[in-house]
Each structure stands twice: as structure tokens, then as C-alpha cells.
Amino acid sequence: DSITVTDSAAKDWTFVVDKETTVVASGGSHKMDKLKGDGKPTTITEFVEVKKNVTIKYVEKDGKAVAKEVRVK
């Protein structure tokens, strides 16, 4: 339900992740198809790993940062 990332200044940022969050990752559509074919749920941790660079587009909602798009580099 959330993801925490650390920026280049070593500051941690936590973002809410919901069903409307889009994840863009190289090979992501193939991985998603395989998970669906295996009957497994798709979670953000399938695409975002420790030490991966990401860019996150988000909005503020109810005092929280809600991720709209997570782009894995």
C-alpha cells in the first residue's frame, strides 16, 4: 500500500500506492502477463527493487503523497 524511496540527498520519501498507480518498467508487461497467467497478484515489489532508480509522479491527497506513476529506470 506504500513505497519508500531515498533521494540523492539521502532523504526518505513515502508514497501511497493504490490501484490507480501506474508502474512503467522495462519488461514490465511481460512480467505482468506471466503473473496473471500464473494466477498471482501483481504487486509493486515485483517491478521496483532495492537500489533501482525511479522517478515518481505524485499528487498530495489528504496530507499524503499518492503515487500516480512510478517509472523504473
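1. Buried residues are those under 20% relative accessible area, exposed ones over 50%, and partly exposed ones in between, with a 1.4 Å probe and protein chains only. By that scale Ala 10, at 62% relative accessibility, counts as exposed. Residues are numbered from 1 along each chain as its sequence is written, and side-chain values use heavy atoms, with hydrogens and water left out. The model is a predicted one, in which local features need pLDDT of at least 70 and side-chain atom pairs count only at pLDDT 80 or more, while totals for chains, interfaces and linings use all residues.

2. Two loop residues deserve a look at their backbone angles. Ala 10, placed in the loop between E1 and E2, has a positive phi of about 70 degrees although it is not a glycine; strands (E, at least two residues) and helices (H or I, at least four) are DSSP runs numbered from the N terminus. Asp 62, in the loop between strand E4 (54-61) and E5, likewise has a positive phi, near 55 degrees, in a residue other than glycine, and at 74% relative accessibility Asp 62 counts as exposed.

3. On the aromatic side, rings of Phe, Tyr and Trp (its six-membered ring) pair if their centres lie within 6.5 Å, and planes under 30 degrees apart count as stacked, over 60 as edge-to-face and the rest as tilted. The count comes to two aromatic pairs by this rule. The rings of Trp 13 and Phe 15 have centres 6.5 Å apart and planes at 10 degrees, so this pair is stacked. Ring pairs link Trp 13, Phe 15 and Tyr 58 into a cluster. Phe 15 is buried, at a relative accessible area of 4%, whereas Trp 13 is partly exposed, at 31%. The charged end of Lys 11 sits over the ring of Trp 13, 4.2 Å from its centre, the rule being that NZ of Lys or CZ of Arg is within 6 Å of the ring centre and within 35 degrees of the ring normal.

4. Thr 21 lies in the loop between strand E2 (12-16) and strand E3 (22-24), yet Thr 21 is buried, with a relative accessible area of 13%. Its side chain reaches the backbone oxygen of Ala 67 at 2.8 Å. Leaving aside neighbours within four places in sequence, Thr 21 is in contact with Val 16, Ala 67, Lys 68 and Val 70. Lys 19 is also placed in the loop between E2 and E3, but Lys 19 is exposed, with a relative accessible area of 81%.

5. One salt bridge is counted, a salt bridge being a side-chain nitrogen of Lys or Arg within 4 Å of a carboxyl oxygen of Asp or Glu. The side chains of Arg 71 and Glu 69 form it, at 3.5 Å from N to O. Arg 71 is partly exposed, at 37%, while Glu 69 counts as buried, at 18% relative accessibility.

Technical notes
A polar contact is a pair of N or O atoms within 3.5 Å; within protein, one must be able to donate a hydrogen and the other to accept it, and residues adjacent in sequence count only if both atoms are side-chain atoms. Contact means heavy atoms within 4.5 Å.
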